[in-house]
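Subject: Structure handover

Hello,

I am passing a structure on to you.

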Amino acid sequence: MIILVKKNASKTQIDNLTETLRTLGVQTDTSVGTNHTIIGLVGDTSAVDVDMLNALDIVESVQRIQDPFKKANRRFHEEDTVIELDNGIKIGGGHFQIMAGPCSVESEEQILTVARAVKEAGANILRGGAFKPRTSPYAFQGLGAEGLRLLKLAKEETGLPIVTELMDASHIDLFLEAGVDIIQVGARNMQNFELLKRLGKLDKPVLLKRGLANTLQELLTSAEYIMAGGNSKVMLCERGIRTFETRTRNTLDLSAVPVLHQITHLPVVVDPSHATGYSRLVPPMALAATAAGADALIIEVHNNPAKALCDGAQSLTPAEFAETSKRINAILPYVWGK
């Protein structure tokens, strides 16, 4: 349920209304926008008398909604959410960023080489996998805690914030100790609800990837698990979905970008690397995602893709990434009007 409050309502009147609503057993989420104040009700609203609310002097309108996500819903939160990292970098609300780096951290030399290269080419966030979910149990699973140490080393040298995937809640302390700036939840864990609940207790940005066969509503209800726990710093990532097409690793659903912007205030990130599976397809789809209004891109870059231990076929070389970054920056002014 959403309550639209009149412009002339005082803070005291709004506070009194929210306190009354809480006595009815619902949680309230107040969002103060440029033109309106909106009170979102979360929980069982069956005991709330809509006619009584409409009769109040400070209430402009009351609307029941059917969406199972409330905190992630743009109806509750008109303004775009802007996520700010510890070094001041912002994502969302017109603040565009590129996250780049290897699929997997393999060695100190590799991660430092790539980190330096992507920073020089314009990336503002370093991506790299320390723990890797692999389809085959015999494939390289990542360096684990050692990979986190190397990511921290790269962060200290380059100043780039780091984003890496969390697979198990038992590793959270390791991530915090390593200074991970954005915790990534992979596609296979999008509906690991116990993990999402744990992340909801943290004051740390979360990059939530869409599952291989999940709808946008399911993606948003997963985000709701995190936000319901108190963590509103959530980014949504479109990384391709599984369809009948075999020419690409997945099918990149770029329509998800404007659709998500319409129904949620959360930043939207696009991963053209995992979506396509081939390095030659990454630059055009990165440009297309930028033009579609993505708030950020996450791109795989490796200094020697042919010898990469993980996903070399979809990784750009530093030179290819530099050229792609240059082309992305050329169209940004047309996308954001800046």
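This is a predicted model: local features need pLDDT of at least 70, side-chain atom pairs count only at pLDDT 80 or more; totals for chains, interfaces and linings use all residues.

Helix α11

Helix α11 runs over residues 318-336, which is 19 residues. At 1.5 Å a residue these should span 27 Å, and the end C-alpha atoms are 26 Å apart, so the two values agree. The helix has a kink of about 30° at Ala 330, shortly before the proline Pro 333. After α11 comes Gly 337, with a positive phi near 70°.

Five residues of α11 are named as buried: Phe 321, Thr 324, Ser 325, Ile 328 and Leu 332. In an α-helix there are 3.6 residues a turn, so residues three or four places apart point the same way.

α3 against α11

The axes of α3 and α11 are 9 Å apart, and the helices pack at an angle of about 20°. Angles under 35 degrees count as roughly parallel, and α3 and α11 are therefore roughly parallel to each other. Their crossing is right-handed. On the α3 side the contact involves Ala 117, Val 118 and Ala 121; on the α11 side it involves Pro 318, Phe 321, Ala 322 and Ser 325. Of these, Phe 321 and Ser 325 are also among the buried residues of α11.

α7 against α8

The second pair is helix α7 (residues 216-228) and helix α8 (residues 256-263), whose axes come within 11 Å and cross at roughly 50°. α7 and α8 are therefore oblique to each other. The contact is made by Leu 216, Leu 219 and Leu 220 from α7, together with Ala 256, Val 259, Leu 260 and Ile 263 from α8. The crossing of α7 and α8 is right-handed.

Ala 289

Ala 289 sits in helix α10, residues 282-291. Is Ala 289 buried or exposed? Its relative accessible area is 0%, and since buried means under 20%, Ala 289 is buried. Leaving aside residues up to four places away in sequence, Ala 289 touches Leu 254, Val 270, Ala 294 and Leu 297. Gly 179 is 110 residues from Ala 289 along the chain, and the C-alpha atoms of the two are separated by 29 Å.

Regards

Notes
Residues are numbered from 1 along each chain as its sequence is written. Side-chain values use heavy atoms; hydrogens and water are left out. Helices (H or I, at least four residues) and strands (E, at least two) are DSSP runs, numbered from the N terminus. Buried means under 20% relative accessible area, exposed over 50%, partly exposed in between (1.4 Å probe, protein chains only). Contact means heavy atoms within 4.5 Å. The expected span of a helix is 1.5 Å times one less than its number of residues. The bend at a residue is the angle between axes fitted to the seven residues ending there and the seven starting there. Axes are lines fitted to C-alpha atoms, for helices over the stretch in contact, and angles run from 0 to 180 degrees between N-to-C directions. Angles under 35 degrees count as roughly parallel, over 145 as roughly antiparallel, 65 to 115 as roughly perpendicular and the rest as oblique. A crossing is left-handed if the near helix is turned anticlockwise from the far one by less than a right angle, and right-handed if clockwise.
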